[in-house]
Structure formats: C-alpha cells, structure tokens
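Here is a friendly walk through one protein model. Keep the sequence and the 3D view open side by side as you read.

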Amino acid sequence: GTLQGFDQATNLILDQSHERVYSTKQGVAQLVLGVSIIRGDNIAVVGELDQELDSNLDLNALRAAPLKPVTH
C-alpha cells in the first residue's frame, strides 16, 4: 500500500493496500484490502517497493509455500 501516515509508536496508515497469497500449486492471488491501520508492535520491516521491478513480475508463474502461522 501507500504510506499515508505514522506516529511515534510506528503505527501505520496504509492506503490502496493489498495482500499477496502465495501457493505451491497455483499463481499468486492478490486480495484488495484498501485502507489499513497496522499497530506498530506488529511491524517487523518497512521498505520501499521498486515499482518497475514489481510490475515486471509474472504473478501467475510464481510458486511459493505460504507462511506458517505464528505460534507463541
């Protein structure tokens, strides 16, 4: 998504956000999320996306194992 704002606790407001769901059997599914508010204590990494590189990816050809659920 596009970073719209943040605060001293690293809470983020993202607009035009989406989630990519990976599979070992089929291409990547993109789920549109729209506006998202993410608590700062749930953020591990923030980075800038290379728009040109991302637009050249063939998401239908990508295969990857989904992330495992977090366990405490």
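## Contacts and overall form

Among contacts in the protein between residues at least 6 apart in sequence, 44% join residues at least 24 apart; contact here means heavy atoms within 4.5 Å. Do keep in mind that this is a predicted model, where local features need pLDDT of at least 70, side-chain atom pairs count only at pLDDT 80 or more, and totals for chains, interfaces and linings use all residues. Residues are numbered from 1 along each chain as its sequence is written, and side-chain values use heavy atoms, with hydrogens and water left out.

The protein has 1 helix and 3 strands, in the order β-β-β-α along the sequence. Its radius of gyration is 14 Å, well over the 11 Å that the globule rule gives for 72 residues, so the protein is more spread out than a compact globule. That radius is taken over C-alpha atoms, and the globule rule is 2.2 Å times the number of residues to the power 0.38. Helices (H or I, at least four residues) and strands (E, at least two) are DSSP runs, numbered from the N terminus. Along the principal axes, the C-alpha atoms fill a box of roughly 40 × 35 × 20 Å.

## Confidence

Helix H1 (residues 51-55) has the lowest confidence, at a mean of 92, while E3 has the highest, at 94.

## Surface and burial

The accessible surface of the protein comes to about 6,300 Å², and 54% of it belongs to carbon and sulfur atoms. Accessible areas come from the Shrake-Rupley method with a 1.4 Å probe, and for residues only the protein chains shown count as cover. Of the 72 residues, 15% count as buried. Buried means under 20% relative accessible area, exposed over 50%, and partly exposed in between (1.4 Å probe, protein chains only).

Ile 37 sits in strand E3 (residues 29-38) and is exposed, with a relative accessible area of 69%.

## Two salt bridges

The structure holds 2 salt bridges, each defined as a side-chain nitrogen of Lys or Arg within 4 Å of a carboxyl oxygen of Asp or Glu. One joins the side chains of Asp 54 and Arg 20, at 2.9 Å from N to O. Asp 54 lies in helix H1 and Arg 20 in strand E2 (residues 12-21), so the pair ties together parts that are 34 residues apart in sequence. Asp 54 counts as buried at 17% relative accessibility, whereas Arg 20 is partly exposed at 23%.

The other pair is Arg 39 and Asp 41, with their closest N and O atoms 2.9 Å apart. Arg 39 is exposed at 53% relative accessibility, and Asp 41 is exposed at 56%.

Which residues does Arg 20 touch, leaving aside its neighbours within four places in sequence? They are Val 28, Ala 29, Gln 30, Asp 54, Leu 57 and Leu 59. Arg 20 and Pro 66 are 46 residues apart in sequence, with 9.9 Å between their C-alpha atoms.

Phe 6 belongs to strand E1 (residues 2-6) and is exposed, with a relative accessible area of 63%. Leaving aside its neighbours within four places in sequence, Phe 6 is in contact with Asn 11 and Leu 12. The C-alpha atoms of Phe 6 and Lys 68, 62 residues apart along the chain, are separated by 28 Å.

## Positive phi angles

Two backbone positions deserve a look. Thr 10, in the loop between E1 and E2, has a positive phi of about 65 degrees although it is not a glycine. Thr 10 is partly exposed at 38% relative accessibility.

Gln 16 lies in strand E2 and has a positive phi of about 55 degrees, although Gln 16 is not a glycine. At 59% relative accessibility, Gln 16 counts as exposed.

Note on methods:
pLDDT = per-residue confidence, 0-100.
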